[in-house]
Amino acid sequence: MAPIQILKLQNTFKPGGKVFEVERAAAEHSGLVQMLLQDFDDSDLEAIIPISVDVSDKGLAKVFEWMTHSKDLPKTTDDGSVRGPDDSAVNWKPLTFSDWDKKFFDALDSEALYEILIAANYLDIKPLYELGCQFVANMIRGKTTEQIREILNITSDFNPEEELRIREQKALVKDESETAEKN
Amino acid sequence: MPAFLHLPDEILLLIVRAVDPEDLRALRLVSRRLGGVAQIPLAKTCFERRRVLLQQDSLETLVEISRHPVFGPAVRILVVLMDHLRPDLGPDASRSRLSGDAAHESKSVEEEARQYSLLLIDQEALMETGLGTTYLAQAMAGLPNLESVVIDATEWPRWGPIVEPRAGPQYLRLFMSPYTIEFVQKALCAVVLAVATGKPSLAELDIAIGSEHGGGISPGMLPSSTRPALQYVRKRPISLSSLWLRFAAENWTFDPVNDELEMVLDFIMLFPKLQSLYIRFEGEIDRPELMNGLSQRLRLPNLRFLGLGELQCTERELISLLRGHKDTLEEVRLQGICFGGDQGGSWRSLLRTVRDEQLVPALTIEECSTVGGWVLYGFDKASDDGTPTTTTWYAERFRIGGTGFAWADVLDHVTEDNKHYPKLDLGQVYPI
């Protein structure tokens, strides 16, 4: 029997989760799916594979969209090696945003972005959560504390005394080479 | 609807690790949770290698860091910057340059000069009263993971004229102003005393002043052990195991009145427990008396690693130095060592002696030479198509013993069936 090429995945965290059909080559980006494929026979894989993560079907759909688009990219295996489409070992390269990735992330609202990060972390899709984290890091790079709060929609939970104490520690986290440069 | 703070810690950690140090500082204040997550990368980025100026505010900050539960333990390397103010380089010195400017600018120069003068008084008071030592000792005592103290000058002299980093001897002469020599001497004295009182378990002291600019220290910058402050160190030796000294060759005067080598040896002997010693001369030094003196007078009872860089010497002197430490030496690294003159000797002969007398288990040779050519080592390389092997010669770094080539193969030609071994032919000089 030919190996199963389409996997059916359903989020059972809440009742009534959508059943997603995902190409095997795409699903193999997930460390969790790789483990399941190792443990299950092909006959088991014909059934729906349950996953349980606190994200909406909309968020999960975006994850599978990225996986499907990136199905031919090298995949990280559970032993840490990186494998090409023919399962041969390839050298790991630092991740960079492709034009498609840029459009993909730029089009997300913050809710979808955080859902992708949560789902990618649960499904152990290393390149996706690394790109997602990099995307968030780029959003806050060079911003002030107040701007970061606004971008990430975070309200400060420091009391005024705590905040003042941390602000007074500013000299601590400043490196002396900067002082010398300014002088 | 998930919010940013619903993300698991491992994701937040990946995000904060991807931002710049400046962003980490901003993130600390965003919220308690994000501040907590940012604290560890921040500690690693800003505190693992911490710089301090010998000025009161900088030293007070260091003491504060040493009391912080996360930042203090993060400090592993303390870089004590030798940047300092000099009386001849204050704003007054540049007044003539501004003489044609508007009157209000002149007033501002006056104000700057006044501030500079006050800072200079503070700087001198800090060094004269021993307060600098007290701060440093207090801070070092509170840094539980401090391993290494580096003495460096990234911008030297502070507030001085802009000098091209590689302006050569002219730049070095600036280093050699009497005020700077005295400042560095006092500063080193303060650091050594601070180590003795605050961190006697310190492993490494790296005196690398000016090395980034191709400079280095002069023997006159090393404090004499007869200084009252260092008498304490002599009585209670520091357990320092590693000392790196980078000298500017140009700054050695070889004045017969001052025995500069004695100054160096006197300083080294402040640390009798040394296991690693590295001495490098930035800019090759070709004074034969220097290595001759070192080979006869340097004796460290626990020396396991010896590194020498950019020196001209003879085979005999080098062998004498190695024989003097034969019982303890485990590794020797020679960089840019040149056997000069008629009595220079040969590398083949040196290696044979080292091998036969088992002077040191591992020896690294990097860009060493005799006058006129590099020391080379060769590899027989078998061709895939069965044609005769070819030998490729290299002059860069190679190691014999330890993880390097086997001593047994050194100087002996390899057999036909053993082609993958290196063919060392070190007696021959191959001009480049």
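**View 1. Arg25(B), a buried arginine in a predicted model.** In this predicted model, Arg25(B) counts as buried, with a relative accessibility of 14%. Its salt-bridge partner is Glu22(B), and the closest N and O atoms of that pair sit 2.9 Å apart. Look across from here and you meet Leu42(B): its C-alpha is 7.3 Å from that of Arg25(B), even though the two are 17 residues apart in sequence.

View 2. Leu42(B) is part of helix α3 of chain B. Is this leucine buried or exposed? Its relative accessibility is 0%, so Leu42(B) counts as buried. Setting aside neighbours within four places in sequence, its contacts in chain B are Pro21(B), Leu24(B), Arg25(B), Arg28(B), Phe47(B) and Phe71(B). Chain A joins in as well, through Val173(A).

**View 3. Where chain B meets chain A.** The two chains bury about 3900 Å² between them, and 63% of that is on carbon and sulfur atoms. Chain B puts 41 residues into the contact and chain A puts in 42. On the polar side, there are 11 residue pairs in polar contact between the chains, counting pairs with both residues at pLDDT 80 or more. The elements of chain B that each give two or more residues to its side are α1 (9-17), α2 (21-27), α3 (32-47), β1 (49-53) and α4 (56-67). Which of them gives the largest share? That would be α3(B), with 5 residues. Sorted by type, the chain B side comes to 26 nonpolar, 4 polar and 11 charged residues.

**View 4. A salt bridge across the interface.** How many salt bridges run between chain B and chain A? The count is 2. One of them pairs Arg32(B) with Glu162(A), with closest N and O atoms 2.7 Å apart. For context, the count over all chains comes to 26 salt bridges.

**View 5. Lys143(A), a loop residue touching both chains.** Lys143(A) sits in the loop between α7 (126-140) and α8 (145-152) of chain A. With a relative accessible area of 31%, this lysine is partly exposed. Beyond residues up to four places away in sequence, Lys143(A) touches Ile148(A) and Ile151(A) in chain A, plus Asp23(B) and Ala26(B) in chain B. Lys102(A) is 41 residues away from Lys143(A) in sequence, and their C-alpha atoms are 21 Å apart in space.

**View 6. A network of salt bridges in chain A.** Glu146(A), Arg149(A), Glu163(A) and Arg167(A) are linked by salt bridges into a network. Within it, Glu146(A) and Arg167(A) pair up with closest N and O atoms 3.0 Å apart. Glu146(A) comes from helix α8 and Arg167(A) from helix α9 (residues 160-168), so this pair, 21 residues apart, links distant parts of the chain. Glu146(A) is partly exposed at 41% relative accessibility, and Arg167(A) is partly exposed too, at 36%. UniProt lists "domain: SKP1 component dimerisation" (unreviewed entry) at residues 126-171 of chain A. That stretch is 70% helix and 0% strand, with its end C-alpha atoms 37 Å apart.

**View 7. The annotated span at residues 17-71 of chain A.** UniProt places "domain: SKP1 component POZ" (unreviewed entry) here. The span is 55% helix and 15% strand, and its end C-alpha atoms lie 24 Å apart. Chain A overall has 10 helices and 5 strands, and 43% of its 183 residues are buried.

View 8. Asp124(A) has phi near 60° and is found in the loop between α6 (110-123) and α7 of chain A. This aspartate is partly exposed, at 37% relative accessible area. Over in chain B, Glu367(B) has a positive phi of about 45°. Glu367(B) occupies the loop between β10 (362-366) and β11 (369-370) and is partly exposed, at 45% relative accessibility.

**View 9. A loop-to-loop salt bridge in chain B.** Arg304(B) and Glu330(B) form a salt bridge, with closest N and O atoms 3.2 Å apart. Arg304(B) is in the loop between α13 (288-297) and β7 (305-313), and Glu330(B) is in the loop between α14 (315-324) and β8 (331-335), so the pair ties together parts 26 residues apart in sequence. Arg304(B) is partly exposed at 36%, and Glu330(B) is partly exposed at 40%.

Note on methods. Residues numbered from 1 in each chain as written. Chains lettered and ligands numbered in written order. Predicted model: local features only at pLDDT ≥ 70, side-chain atom pairs only at ≥ 80, totals over all residues. Heavy atoms only, no water. UniProt positions renumbered as here; feature names shortened; annotations may be inferred. Helix = DSSP H or I, 4+ residues; strand = E, 2+ residues; numbered from the N terminus. Contact = heavy atoms within 4.5 Å. Buried area = accessible area lost by both parts, 1.4 Å probe. Salt bridge = Lys/Arg side-chain N within 4 Å of Asp/Glu carboxyl O. Polar contact = N/O pair within 3.5 Å; in protein donor to acceptor, adjacent residues only side chain to side chain. Nonpolar A, V, L, I, M, F, W, Y, C, P; charged D, E, K, R; others polar. Buried < 20%, exposed > 50% of the residue type's maximum accessible area, 1.4 Å probe, protein only.
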